[in-house]
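Welcome! Please take a moment with the sequence and the model before reading on.

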Amino acid sequence: MITINDKLFITEEVSSVTVAYVKKVVFRKLLMAFCFESQSNNGTITDLFQSMNFYGFSMPYEIGLTLSGFLCRFKKNLEKDEITALYFWALNQKYISYLEDFEYDETRSKKEFDREFGRSLAYKIYEPNGSGLEHETYGELKLFLYDFASEFDLSVVDECTSEQILEVIDRCCSASNNAVPVF
């Protein structure tokens, strides 16, 4: 991070490291809570995970509410730095959409455009509620969990299922899976 005249500039490297942190730490917490009952030491799979696996995107309204409640509780238990890192991840997920929606004015130089676009992204990080990033983060987390749940065939759950889930979580959260778009 670089500060110039008390203004914070977020570098590509900081963004990349922050998103990698989300994948390694925050996603591991999220996926473990999503997949396994917390009080169970025998790897009992949650009803929410099984339901999302079964229904996919066409899930009943009640399961959608359960998912929203789960994500709200999960986020409440995160540290402030984990929440901020999650916003960086969501921002990276939506980067192309933000870029396409940003008004391009041909009278501005590339440098001016980059500065103004960068400011709009920084605003999202610093004001997640006012900018809509908070809501978009929940949407991106839901998509992430949908995609994760669809990776499995839970029609037969046996003693190997928990091991398979843990292997996929490890792959999903591994350092080699840190290729992310950055701004």
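**A first look at the core**

Leaving aside neighbours within four places in sequence, Leu-145 is in contact with Leu-30, Leu-31, Phe-34, Met-52, Leu-67, Phe-70 and Leu-71, where contact means heavy atoms within 4.5 Å. This is a predicted model, in which local features need pLDDT of at least 70 and side-chain atom pairs count only at pLDDT 80 or more, while totals for chains, interfaces and linings use all residues. Residues are numbered from 1 along each chain as its sequence is written, and side-chain values use heavy atoms, with hydrogens and water left out.

- Buried stands for under 20% relative accessible area, exposed for over 50%, and partly exposed for anything in between (1.4 Å probe, protein chains only).
- Helices (H or I, at least four residues) and strands (E, at least two) are DSSP runs, numbered from the N terminus.

**Aromatic rings**

- The whole structure holds 15 aromatic pairs; rings of Phe, Tyr and Trp (its six-membered ring) pair if their centres lie within 6.5 Å, with planes under 30 degrees apart counted as stacked, over 60 as edge-to-face and the rest as tilted.
- Phe-27 and Phe-144 are a stacked pair, because their ring centres are 4.1 Å apart and their planes meet at 25°.
- This pair links distant parts of the chain, with Phe-27 in helix H1 and Phe-144 in helix H8, 117 residues apart; both Phe-27 and Phe-144 are buried.
- Phe-54 and Tyr-55 are an edge-to-face pair, because their ring centres are 4.8 Å apart and their planes stand at 85°.
- Phe-54 is exposed, at 66% relative accessible area, whereas Tyr-55 is partly exposed, at 34%.
- One aromatic cluster is formed by Phe-34, Phe-49, Phe-70, Phe-74, Phe-148 and Phe-152.
- Lys-124 has its charged end over the ring of Tyr-98, 4.4 Å from the ring centre; the rule asks for NZ of Lys or CZ of Arg within 6 Å of the centre and within 35 degrees of the ring normal.

**Helix H2, a helix with two sides**

- Leu-48, Phe-49, Met-52 and Asn-53 are the buried residues of H2.
- These four lie on the same side of H2, because they cover an arc of only 135° around the axis, taken from the directions from the helix axis to the C-beta atoms.
- The buried residues of H2 pack against H1, H3, H8 and H9, while Asp-47 and Phe-54 are exposed on the other side.
- Gly-56 follows H2 and has a positive phi, near 65°.

**Helix H4, an enclosed helix**

- Ten of the 14 residues of H4 are buried, so this helix is largely enclosed by the rest of the structure.
- Among the buried residues of H4 are Ile-83, Leu-86, Phe-88 and Trp-89.
- The cover over them includes H1, H3, H5, H6, helix H7 (128-131) and H8.
- Asn-92 lies in helix H4 and counts as buried at 3% relative accessibility.
- Asn-92 and Val-19 are 73 residues apart in sequence and 8.1 Å apart in space, C-alpha to C-alpha.
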